[in-house]
Amino acid sequence: MRLMQSRGLWREVYITAVSLAAGALLLACAGRSAPQVSDGWGVLVLGVAMMIAERLAVPLPRSGAVSVATIPHIVAVLLLPPSLSITAAGAAMLVDQLVGRAGLRKTVFNVSSVMLTVGVSAMVADWAGLQPDTLGRPDQWQQVPAFLLVAAVYYAATNLLVSTIVSISSGTPIRRSLFDNATFAVPAELGVCGIGALVALLWVLSPPWILLILFPAVISQVTLMYISSSKRKSEQLHHQAHHDLLTGLPNRSSLMLHLEEMLARTSANPFALLLLDLDRFKEVNDTFGHQTGDVLLREIGPRLRGVLRASDVLARLGGDEFALLLPETGAAAAVGVAEKLLHALDEPFGVDGYEFQIGGSIGIASFPVDGLSPTDLMRRADVAMYAAKRANLGTAVYATELDVNTPAQITLYGELRRAIEQDELRLHFQPKVDVCTGALSGVEALVRWQHPDRGLILPDQFIPMAERTGLIRPLGNWVLEAALRQSRAWERDGLVIQIAVNLGAYNLDDSNLAQAISGLLERYTVTADRLRVEITETMLMRDPDNARRVLEELRAAGVRVSIDDFGTGYSSLAYLKRLPADELKIDRSFIQHMAEDAGDTAIVRSVIALGHELGLVVTAEGVEDAVSLERLRAFGCDRAQGYYFARPMDADSLRASYLSSADEALQAA
């Protein structure tokens, strides 16, 4: 703050000094005698020309422009008395600033600086003997070097005055400002000065010829304006093609170009690619509307940029996904940057009077460890980002074990699709028994894949891939239909038993689930109470209101409902008592450690008591020893399943084992 105030003070001092110098120069020149222009109308024409020229400029190839007003300024320097040339240039600039509605400070400086520049140049011309009545005479060859001196003084004064105010205002060293301008503006500046000299020469020798030199000048100006306009449009289109319209950040196309450039010039230096996906942005967008979401996205860029170096690239890929390219950064350093980025996002965003807490998940891939091409690096950073999001880690570095899109997984996808279509899947059934009597009380249907070449494939090898790829929907439909078909087949053999089928998130999102299940029950003539659907506590809490609606429709159709893996989903008792469920299944993680963990024992006893208070049947999963079974009996648990009773088996094995002597065998166990 003090630095800004100091710069402002020095700027005011400088503008005041320039203004005083211009006034002093005008007073010093006012009493000097000098040759007069032949006609008074010439002074008027020259003044009007200055006013018009102040609005025109010649664009330079690199940046900036050269004012066309230099031409009438040079004419005034060569033909008018210094005092009159100063007055005319100052008046023309004043009119230009008033028309452009410039601020007072800017107006004072521009008027004073042009008066000072023209005045100093006029005095040098007067000192060098450049007089109107001698211009163009063959014996006055010394006028050429004299004019070059005047042009140099004009350019030097202009550049020095402007560069100084820029340096004071921005803090840029004045030498850099002077050098940057001199490297590309000197030829154009001196060229315009030369045109001014030719106009002055023709004014003295034959004024009508001025039109001949001004005509191509006007044509050139129009052409240059057209070229400049076309260039601006081209640059604008290029900018739009490589930048996100909403945030102004580089887009995916620009990021890929940066990646290709870095790969082309990098031999040993590592760099890191980070992909960032915002958390909870969709909720903000859906609740408060796209306009609020857009404002929030525009604020993300500056927040993230505050953490990065000038050499780092920040891009928006689309939606709520961003990418960051960190030159000369390894994976370990990239993790540190990622943590800073997430910390920056932790600060609330204020939009329209609301505060939003937006987090993020970041995946990191580094060159050359994780890939040698833009495509590989993007894909692997994406894999790491989704791994971070699934595990709620915040940040994840790419590792091969995270990559599920390997050739083997892609092959497995095609084979699973074929297996569903060609009926290569099989159902195995794990018994559920009555804890007190040992009687068979039901079975849980578990899918298996009988691969023609690989043999029996267990669910944990293909269910996650099915969930990622969308095959979980046809797979789930197959399981449901196969379970009801088997129930009907067992009934024909005299085994009437309830079958439990697991439902997933995709089922809860299906508004026609209850109708579809009712249709299958009718097709296979199975009563609704013989079908039980199991849904995990975690799935219930993903969208509690929708889950309750779906389960209520199923209960209304007569289907039984179980809450699976209870104790892992953090559901509230208030929500639990409103669910249309009739069975509570305790997660196996609590059952398996009861023998050595008093905490798990207390949890199991409490859940059983809670379930009974709510009028629910309680089933324990994962029972593998007699000690656990005895404790469950003591706690009043209703049912149990696990390897202690039986492993999952195919339909024929279950029928053979339980149809004739199921009750006796399980009672003995």
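1. A nonpolar core here is a set of buried Ala, Val, Leu, Ile, Met, Phe, Trp, Tyr and Cys residues joined through side-chain atoms within 4.5 Å. Buried means under 20% relative accessible area, exposed means over 50%, and partly exposed lies in between (1.4 Å probe, protein chains only).

2. On provenance: this is a predicted model, in which local features need pLDDT of at least 70, side-chain atom pairs count only at pLDDT 80 or more, and totals for chains, interfaces and linings use all residues. Residues are numbered from 1 along each chain as its sequence is written, and side-chain values use heavy atoms, with hydrogens and water left out.

3. The protein holds 26 helices and 19 strands. Both are DSSP runs numbered from the N terminus: helices are H or I with at least four residues, strands E with at least two. Of the 669 residues, 45% are buried.

4. The largest nonpolar core has 80 residues. Those with the most contacts inside it are L416, L425, L427, F429, W490, L554 and L632. Helix α16 gives the most to this core, with nine residues. A second, separate core of 38 residues includes A76, L80, A146 and F147. In soluble globular proteins, nonpolar side chains tend to be buried together.

5. What does W490 touch beyond its neighbours within four places in sequence? Its contacts (heavy atoms within 4.5 Å) are F429, V443, L495, I497, I499, A651, L654 and R655.

6. D493 sits in the loop between α16 (472–492) and β13 (499–502). D493 and R655 are 162 residues apart in sequence, yet their C-alpha atoms are 8.5 Å apart in space.

7. Now the sheet. Five strands form an open sheet in the order β4-β5-β3-β8-β9, with mixed pairing. Two strands pair if DSSP finds at least two bridges between them. The edge strands, β4 (313–318) and β9 (395–397), each pair on one side only. On average, neighbouring strands are turned by 20° against each other, direction ignored.

8. Strands β3 (residues 271–279) and β5 (residues 321–327) run antiparallel and are joined by seven bridges. D277 has E321 in β5 as its bridge partner.

9. Helix α9 (residues 252–265) lies across β3, β4, β5 and β8 (359–367), at about 20° to β5. Helix α11 (residues 290–305) also packs on the sheet. It touches β3, β4 and β5, and its direction makes about 155° with that of β4. Axes are lines fitted to C-alpha atoms, for helices over the stretch in contact; angles run from 0 to 180 degrees between N-to-C directions.
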